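Here is a short briefing for a first look at a structure. Start with the view below, then work through the points by topic.

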Amino acid sequence: MNVLMPIPGHVDPVPVPRAPSVRADGRVDLVGLSRAAIREALEAAGLEPKQAKLRAKQLWHWIYNRGAIDFTAMTDIAKAQHPWLAERFVVGRPEVVEAQVSTDGTRKWLLRSEDGQDFEMVFIPDADRGTLCVSSQVGCTLNCRFCHTGTMRLVRNLTAGEIVGQVMLARDALGEWPSQPEGRLLTNIVMMGMGEPLYNFDNVRDALAIVMDGDGLALSKRRITLSTSGVVPMMARAGAEIGVNLAVSLHAVTKEIRDEIVPLNRKYGIEALLQACADYPGANNARRITFEYVMLKDKNDSDADARELVRLIRKYRLPAKVNLIPFNLWPGASYECSTPERVRAFSNIIFEAGISAPVRTPRGRDIDAACGQLKTASEKKSRAELDRLAEEKQAALG
Ligand code: SAH
Ligand code: SF4
């Protein structure tokens, strides 16, 4: 019997703990706050409104345009005020636990939040661009059957600061401060790391507003893509309030198969999802919606599936492109990747219908950085192992 599991999320909230906004040391991290919130924080700490406004503007520029992490570097702020700021505020970065480089140049960082939660980000360099794959949650509540992240037990939303912090860290690592309009290595952002971004809507929206701000990181909305597994009720708001490119993890064209591999489908079916895509503001032939489709052997990869995909895209008149993703293996996965011949045949059927259907080259597989492979190392260790490690650490400290 197919027992329906409850699907948690924004509309049916689950206890997804929010991170603390004040750090353990009592200071407030300015990264992730809007300009107005920085001004309010300064006022709350005792600055006159007029001065708070000016300081907020200066801080913003130093933090997001220049990449400063130390108040002493902020030369247009009176020296006497540096210690005052440092006592109350920090310009934080997620802690880097591990940084790995793949043989193909892909880089993966294991990051740790202030309260000890691990998450990952991936940088994928190409000839003409560099794409940062950013996480929105620690783990994910949606157990897509082919995705490693979905098997993590711990889940919490990342704060806006932790999301922006990933971009800041990447800029640090690539040596890209101050923010340059031309010749950047980091040119694109995809919200395709760990987590479902539309289940952490407010923080993702606030973070991306900072990333797109012209006097800061200044990435254009045309170079940012948000991927959702299909949280239909949040898609209109995503279009209106965030306005970046949309990617949808479709992965199957029948109810039976999509219910199995993307369980959220039991809540928001294919037809409702495609209607939400048709209604997505800003989608047109110049800015197409990307349909992601993971190629699973004998599951969703037949000629009939490809033809049905074409039919659906036409039915809803979607300005669409299809991104075929070879399934990336992870330990314990119960699927296999389609053969290269099958992927090609599938791609050809879509292509012949006039819809672009490139096959995504897997990147960073050797360091488990490819799509669906992200799962933090600490989670891979058992509780017993973690306890033992903690004891060893304690012992070493005497
Ligand atoms: N949660 C969002 C974004 C993160 S996943 C979403 O699901 O859209 C980024 C993409 O990788 C999604 O299309 C996801 O379905 C795909 N993916 C997950 N596991 C995969 C795997 N093992 N092999 C290939 N792609 C995978
Ligand atoms: Fe979550 Fe996306 Fe993985 Fe599904 S594919 S479990 S929505 S991260």
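How does the lining of the largest cavity divide by class? It has six nonpolar, two polar and two charged residues. The model is predicted.

**The cavity**
- The count comes to one cavity of 30 Å³ or more.
- The largest cavity has a volume of about 50 Å³.
- Its lining includes Val 244, Asn 245 and Leu 246.
- Tyr 280, Pro 281, Gly 282 and Ala 283 are also among the lining residues.
- Arg 287, Arg 288 and Ile 289 complete the lining of the largest cavity.

**Ligand 1**
- Ligand 1 is surrounded by 21 residues.
- The closest are Phe 146, Gly 195, Ser 227, Ser 249 and His 251.
- The side chain of Ser 249 has an N or O atom 2.6 Å from an oxygen atom of ligand 1.
- His 251 places a polar side-chain atom 2.6 Å from an oxygen atom of ligand 1.
- A polar backbone atom of Cys 371 lies 3.3 Å from a nitrogen atom of ligand 1.

**Ligand 2**
- Three cysteines, Cys 140, Cys 144 and Cys 147, are among the residues around ligand 2.
- Leu 142, Gly 150, Gly 195 and Ser 229 are also in that shell.
- The shell around ligand 2 holds four nonpolar residues, three polar residues and no charged ones.

- Strand S5 spans residues 118-125.
- Seven of its eight residues are buried, so S5 is largely enclosed by the rest of the structure.
- Strand S4 (residues 107-112) runs antiparallel to S5, and six bridges join the two.
- Across that pairing, Leu 110 stands opposite Glu 120 of S5.
- The hairpin of S4 and S5 has five residues between the strands.
- In that hairpin, Gly 116 has a positive phi near 80°.
- S5 also pairs with strand S6 (residues 130-133), again antiparallel, through four bridges.
- Four residues link S5 to S6 in a hairpin.
- Pro 125 has Gly 130 of S6 as its bridge partner, while Val 122 is partnered by Cys 133 of S6.
- In a regular strand, side chains alternate between the two faces of the sheet.
- S6 is covered on both faces: Gly 130 and Leu 132 are buried on one side, Thr 131 and Cys 133 on the other.
- Strand S9 (residues 188-191) pairs with S6 in the parallel sense over three bridges.
- There, Leu 132 stands opposite Ile 189 of S9.

**Backbone features**
- Most residues other than glycine have a negative phi, and most peptide bonds are trans.
- Where does a cis peptide bond occur? It joins Trp 177 and Pro 178, with omega about -15°.
- Pro 178 sits in the loop between helix H4 (160-174) and S9.
- His 251 has a positive phi, near 65°, and is not a glycine.
- His 251 lies in the loop between strand S11 (245-249) and helix H7 (255-261).
- Is His 251 buried or exposed? It is buried, because its relative accessibility is 5%, and buried means under 20%.
- Asp 298 also has a positive phi, near 55°.
- Its place is the loop between strand S12 (289-295) and helix H9 (303-315).
- Asp 298 counts as exposed, at 69% relative accessibility.

**Arg 363 and its contacts**
- Arg 363 is in the loop between helix H10 (340-352) and helix H11 (377-380).
- This arginine is buried, with a relative accessible area of 17%.
- Its side chain makes a polar contact of 3.0 Å with the side chain of Asp 126.
- Another polar contact, at 3.5 Å, links the side chains of Arg 363 and Thr 106.

**Gln 51**
- Gln 51 belongs to helix H2 (residues 49-66).
- With a relative accessible area of 29%, Gln 51 is partly exposed.
- Gln 51 and Arg 39 are twelve residues apart in sequence. Their C-alpha atoms are 9.0 Å apart in space.

Key:
Residues numbered from 1 in each chain as written. Chains lettered and ligands numbered in written order. Predicted model: local features only at pLDDT ≥ 70, side-chain atom pairs only at ≥ 80, totals over all residues. Heavy atoms only, no water. 1 Å grid on protein atoms, 1.4 Å probe; cavity = no way out; pocket = protein on both sides within 12 Å on 5 of 7 lines; lining within 4 Å. Points joined across faces, edges and corners; volume = space filled by probe spheres on them. Nonpolar A, V, L, I, M, F, W, Y, C, P; charged D, E, K, R; others polar. Near = heavy atom within 4 Å. Buried < 20%, exposed > 50% of the residue type's maximum accessible area, 1.4 Å probe, protein only. Pairing = 2+ DSSP bridges. Polar contact = N/O pair within 3.5 Å; in protein donor to acceptor, adjacent residues only side chain to side chain.
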